[in-house]
Amino acid sequence: MKRFLLSLVLLLAAGALGLLVPTVARNSQPDFAKAEQVGTAIVSACSERGPVTLGGFGYTSKCQLDVTWQDGSRHFVDPDRYGFADFAEIGKTITVGDLGDGKYARPDRPFRPLVVASAWALAILAVAALVAGVLGMRRVIREHVDFT
């Protein structure tokens, strides 16, 4: 019974740690200095999600931006990243950098290597807890179920 409970706790911990990864990673954005082009954007619409989603814990927004690039071209952009722009920024103008491949950055939300390293450490812990939990459950099942 102890092995079953420990395995169950490890599986639950793996899920919680797995959801902490995007929660922590949200606090570091891509490096704005690597932008191929820069523009100004008006946050036009947002959808708010939370308190628990695949994007992690807490309420976060995904917003659509109306961007005018320095060359004068204009596009609607949907950054595929939770927390790129906030619900409270609807109607406001922000600076946006295009990194290519559909990735965008903001100068006021910097790249933070320590935050990225922390997210990777959490991901490794989540995988370790998942593996340990699955192996523990497998052993419990093999001990209590006769497959013959």
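User: Is E143 buried, exposed or partly exposed?

Analyst: Buried means under 20% relative accessible area, exposed over 50%, and partly exposed in between (1.4 Å probe, protein chains only). E143 has a relative accessible area of 45%, so E143 is partly exposed. Keep in mind that this is a predicted model, where local features need pLDDT of at least 70, side-chain atom pairs count only at pLDDT 80 or more, and totals for chains, interfaces and linings use all residues. Residues are numbered from 1 along each chain as its sequence is written, and side-chain values use heavy atoms, with hydrogens and water left out.

User: Which side chain does E143 meet in a salt bridge?

Analyst: Side chains of opposite charge can pair when their charged atoms come close. A salt bridge here is a side-chain nitrogen of Lys or Arg within 4 Å of a carboxyl oxygen of Asp or Glu. E143 pairs with R139 at 3.3 Å, N to O. R139 counts as partly exposed, at 46% relative accessibility.

User: How many salt bridges does the structure hold?

Analyst: There are 8. One of them joins R74 and D66 at 2.4 Å, N to O. R74 is exposed at 58%, whereas D66 counts as buried at 11%. In another, the closest N and O atoms of R109 and D86 are 2.7 Å apart.

User: What does I94 touch, leaving aside neighbours within four places in sequence?

Analyst: Contact means heavy atoms within 4.5 Å. With those neighbours set aside, I94 is in contact with residues including G39, V43, L65 and R106.
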